[in-house]
Amino acid sequence: MTTSTTPDADYAFWAIPGTSSKVTYSLGTFHEIDFVVNEGFRRIPHGGIEMGGLLFGHITGDGVRIEAFRPIECEHASGPSFNLSDTDLSNLEKQISSAASDPEIGGLEIVGWFIAHTRGPLKMTDKETELFDRLFAGPGRLTVLVKPERFHPTRFGFLIRENGGQFATDASGSAVILPGRGGQGREGPVPSIAAPPETSDAKPSERSPVTETPTKPAFAARESHNESSELQRSSSPSAPPATGLDRLPAEVMSRTFVENAKPVAAERTAPLPVATRLSNIQEVELPPGRQRAATFDQDRKAYGVQFALVLLLAAVLGCCVGYWAYLQLPSAIIPLAVQRQQTTLLISWPPVQTQTSAYAAIRVDDGEAVALSSAEKIAGRAAIANSATDVKIELIAQHWLRDSRGIVRFVSAEQPSSSAIPPVSSAPSQLP
């Protein structure tokens with residue numbers, strides 16, 4: 001979960017159609033939501049794992065202001081879609097009831113939730129609509145649908161409950177994409193960018209008609225040409241009758257012509273049908289050299305088919321081995337825990353995330369990355385000297401096929417000098 005403390009220049013807004021109200025949101029918060037959703041989207045093929053989270057902020061007279069979010073735990077009992085089970089719903093109700101006592105929220109109220117739609121349009125399902133009525137019944141509460149795309153920016157759709165209680169469930173026609181953060185000379189929130197229309201293949205009826213010209217097969221064209229040539233030769237007084245052997249090798253043709261010249265000359269006065277000519281050709285015995293060449297061609301074709309099958313099996317086996325090796329890697333999301341000890345912050349994480357990594361480093365407040373020692377990577381713990389009350393800590397671990405990443409923002413109140421207050425431990429969100 002992240003809480004925004006940025007100036008208005010790092011905010012954007014979406015104007016609610018037909019009203020003067022608007023939804024204002026922290027760009028830092030929504031870019032982190034974009035990061036979380038896309039990490040789930042890339043986790044498995046064909047749509048990934050859908051994520052969701054609670055949105056925190058304020059509902060005012062001129063709209064909604066979103067400052068922070070906290071992920072909603074989902075065990076995905078029925079698959080990778082964000083379909084909350086009974087256990088998930090029970091935990092979510094406890095999370096909502098205890099949110100006001102969380103010191104990280106800082107007095108913010110729950111204004112709605114966001115849901116990733118990686119396999120379908122930006123449209124609420126019947127179950128999502130029912131849960132929205134049950135959990136976020138007040139006016140001004142909203143649902144944010146998030147749709148990541150592989151080669152295009154992530155699309156966001158805002159669905160807000162009006163004062164009368166009604167709300168739209170389809171945001172496909174009003175989707176937006178996030179503007180950039182921190183532009184030079186920017187004053188106040190910037191408008192959201194309207195998402196381009198979704199591209200799709202044209203229907204068959206919309207495609208340009210193609211006029212096709214009937215064509216003869218090559219074999220039929222050659223036979224037609226041969227038939228016409230033979231008819232011309234037979235009609236000419238000086239042309240000898242066609243024997244159908246003019247396409248054979250010279251030595252075979254000469255031998256066949258000598259043996260069969262008299263029967264052919266006596267019996268044929270018109271061209272033979274195609275089937276007869278082909279049968280005559282097949283019955284001719286080829287020379288030994290020609291037979292060896294034909295046998296070699298057949299063996300070469302059979303070897304080519306076998307080689308192609310071997311390559312295909314090797315490619316499938318390689319893909320399986322690569323996918324198995326990919327599954328052996330640690331998770332791409334590193335859970336971090338932070339504990340203050342006087343002027344030092346103690347950062348801990350599961351050691352398996354860094355024990356086998358080629359390189360691991362910690363970066364504080366987007367500063368220079370400090371590489372971890374071998375002992376720190378094996379122990380899953382590191383200490384940094386920092387006395388600030390608001391610190392952003394990032395852990396990066398590089399593995400063979402992918403990088404793992406964890407981000408946490410540690411916020412603590414300044415401790416009075418005369419009282420001994422136990423160190424404040426944050427329960428940061430785990431961001432990829």
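Two strands pair if DSSP finds at least two bridges between them. Strands (E, at least two residues) and helices (H or I, at least four) are DSSP runs, numbered from the N terminus. What you're looking at is a predicted model, where local features need pLDDT of at least 70, side-chain atom pairs count only at pLDDT 80 or more, and totals for chains, interfaces and linings use all residues. Residues are numbered from 1 along each chain as its sequence is written, and side-chain values use heavy atoms, with hydrogens and water left out.

**Strand E14 and its partners**
- E14 (residues 359-364) runs antiparallel to E17 (residues 390-398), and six bridges join them.
- One of the partners here is Gln398 in E17, which bridges to Tyr359.
- E14 also pairs with E15 (residues 370-371), antiparallel again, over two bridges.
- Ile362 has Val370 of E15 as its bridge partner.
- Five residues sit between the strands in the E14 and E15 hairpin, where Asp365 takes a positive phi near 55°.

**Helix H1**
- H1 (residues 27-41) reaches 20 Å from first C-alpha to last, close to the 21 Å expected at 1.5 Å a residue (that is, 1.5 Å times one less than its number of residues).
- Of its 15 residues, 13 are buried (under 20% relative accessible area with a 1.4 Å probe, protein chains only; exposed is over 50%, partly exposed in between).

**His58**
- His58 lies in strand E4 (residues 52-60) and counts as partly exposed because its relative accessibility is 32%.
- Beyond neighbours within four places in sequence, its contacts include Arg65, Leu108 and Glu109 (heavy atoms within 4.5 Å).
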